[in-house]
2 protein chains.
Amino acid sequence: MTRPKQERAVRTREAILMAAAEVFDEYGYSAAGVSKILQRAGVTQGAMYFHFKSKEDLGRAVLVEQASTLALPAEPAGLQQLIDLTLYLGLELQRNVLLRAGVRLAVEQGEAGLQDFTVYRWWIDRFRAELEVAGRRGDLLPQVDALEFARVLVASFTGTQLMSHLESGRESLPSEISVLWGYLLPGIATPGALARLTVDVERAKAML
Amino acid sequence: MTRPKQERAVRTREAILMAAAEVFDEYGYSAAGVSKILQRAGVTQGAMYFHFKSKEDLGRAVLVEQASTLALPAEPAGLQQLIDLTLYLGLELQRNVLLRAGVRLAVEQGEAGLQDFTVYRWWIDRFRAELEVAGRRGDLLPQVDALEFARVLVASFTGTQLMSHLESGRESLPSEISVLWGYLLPGIATPGALARLTVDVERAKAML
């Protein structure tokens, strides 16, 4: 394949993926029709089937590529970065349609028949890396297990976003993530780290 | 209506509700067919429409009545009871089909088009009552707000059960709720209360 064709294929795939994200975000998985997605992407069924064999294939791509348009920090840097990262995710969930749709599918994937834990595992590993840096710096209490707390954090974040989505269309999400950290930090951070750490949505806005 | 007729109507409603719970738990909302529910309940469509006008009506009933077969403590009694209660819920989620289906619909309700926050509010109020007793006893740290932490706990529990459902069919749920408490308690309980409290699945088994 020549380079222009490759580039066009990449652009087509992206257009379909983003159209699918919009439709899943708006209607949910089971009500999302492939024809609606094709119409929104402005491509033919043949073009879609070159990249995605089925609606399930599209759902899985949106699910596992949910973080692909985020500006995540390149290297783990510890507890402050972990706090900022979760607040940044709260802000992105208000406006990033691929993340919104991917998270919606992660939560409602029983309905989509996907049964895919890999995206949760991916976030657990991402959070764990920050916690391991924090541990090496002596910012974590001795009883904290990085993997265990990373799981607790992904679970708490997931439930918080689910409830905020239902209750306020995610308007309250950043402030509820701040409240969550207020209750979680005393169980994981040393008094010295606690005195230094800031839970501040404004800091996370700088990451947008 | 004479009494035997009333009793029969109550039994019919319950049979339909439980059949709907089984089908929602097994297949999810969108794949659940009314005919499958009728067949399992052994009732006619007419009998169903006397109690529930539509599949949505059935979904809403399973959602809001999810806790109706639980043996919840009659009176709030504080932090130990709150811990035991969450572990008991973890055990019930492994075997109580109405709770399982109601929680599944609460999580996947975007798919069901229900958009109902009342069941979350109900659990928040239930947990808050325990926290208020704990506060009056002096078991909570001064910065703890009972309503705020009740929301954090419902969110964390919801995310924990969602992930455990996906990862292990909820087999790991009671132990993951124990882990969650290990990280939450230092942020809410006084040192005196911490020394007294027990996070123990065996205690919760006595509530079954």
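T158(A) sits in helix α9 of chain A. The model that holds this residue is predicted. T158(A) is buried, because its relative accessible area is 8%, and burial means under 20%. Setting aside residues up to four places away in sequence, T158(A) touches V107(A), Y120(A) and L162(B). That list includes a residue of chain B, L162(B).

## The chain as a whole

Now step back to chain A. Its secondary structure comes to twelve helices and zero strands. Along the sequence, the pattern reads α-α-α-α-α-α-α-α-α-α-α-α. The C-alpha atoms fill a box of roughly 60 × 40 × 30 Å along the principal axes. Chain A has 208 residues, and 56% of them count as buried. Take the contacts in chain A with a separation of 6 or more: residues 24 or more positions apart account for 71% of these.

Over residues 10-70, the chain is 70% helix and 0% strand. Over residues 33-52, chain A is 75% helix and 0% strand, with end C-alpha atoms 14 Å apart.

## Two copies

How many degrees of rotation superpose chain B on chain A? The rotation is 180 degrees, with 0.0 Å of shift along its axis and an RMSD of 0.0 Å. That is the relation of a two-fold axis. The same surface serves both copies, as 100% of the contact residues of chain B recur in chain A.

E111(B) shows contacts with both chains. This residue lies in helix α7 of chain B. E111(B) counts as buried because its relative accessibility is 9%. Leaving aside neighbours within four places in sequence, its contacts in chain A are G28(A), Y29(A), S30(A), R104(A), E108(A) and E111(A). In chain B, E111(B) is in contact with Y29(B) and S30(B). E111(B) and F52(B) are 59 residues apart along the chain, and their C-alpha atoms are separated by 20 Å.

## The largest pocket

Rolling a probe the size of a water molecule over the atoms shows where empty space is left. In this model, the largest pocket has a volume of about 150 Å³. From chain A, its lining takes R104(A), V107(A), E108(A), Q161(A), L162(A), H165(A) and L166(A). From chain B come A106(B), V107(B), Q109(B), G110(B) and Q115(B). The elements that give two or more residues to this lining are α6 (97-107) and α9 (146-168) of chain A, plus α6 (97-107) and α7 (109-112) of chain B.

Which element gives the most to the lining? That is α9(A), with four residues. By type, the lining residues divide into five nonpolar, five polar and two charged.

L166(A) is one of the lining residues. L166(A) is found in helix α9 of chain A. At 16% relative accessibility, L166(A) counts as buried. Residues up to four places away aside, L166(A) touches A106(B), Q109(B), Q115(B), D116(B), F117(B) and Y120(B). L166(A) and S54(A) are 112 residues apart along the chain, with 29 Å between their C-alpha atoms.

| Residue | Relative accessibility |
|---|---|
| T158(A) | 8% |
| L166(A) | 16% |
| E111(B) | 9% |
| R170(B) | 0% |

## Loops and a helix in chain B

Q115(B), another lining residue, is found in the loop between α7 and α8 of chain B. Its phi is near 50 degrees, a positive value in a residue other than glycine. R170(B) has a positive phi too, about 75 degrees, although R170(B) is not a glycine. R170(B) lies in the loop between α9 (146-168) and α10 (173-188) of chain B. Is R170(B) buried or exposed? R170(B) counts as buried, at 0% relative accessibility.

Finally, look at helix α4 of chain B, residues 55-64. Its buried residues are K55(B), L58(B), G59(B), A61(B), V62(B) and L63(B). The buried residues of α4(B) pack against α1 (3-27), α2 (34-41), α3 (45-51), α6, α7 and α8 (118-136) of chain B.

Conventions:
Residues are numbered from 1 along each chain as its sequence is written. Chains are lettered from A and ligands numbered from 1 in the order in which they are written. This is a predicted model: local features need pLDDT of at least 70, side-chain atom pairs count only at pLDDT 80 or more; totals for chains, interfaces and linings use all residues. Side-chain values use heavy atoms; hydrogens and water are left out. On a 1 Å grid over the protein atoms alone, a cavity is a set of points where a 1.4 Å probe fits but cannot get out, and a pocket is an open set with protein on both sides within 12 Å along at least five of seven lines; lining residues have an atom within 4 Å of a point. Grid points are joined across faces, edges and corners, and a volume is the space filled by probe spheres set on the points. Ala, Val, Leu, Ile, Met, Phe, Trp, Tyr, Cys and Pro count as nonpolar, Asp, Glu, Lys and Arg as charged, and the others, Gly among them, as polar. Copies are superposed by least squares on the C-alpha atoms of residues with pLDDT of at least 70 in both. Contact means heavy atoms within 4.5 Å. Buried means under 20% relative accessible area, exposed over 50%, partly exposed in between (1.4 Å probe, protein chains only).
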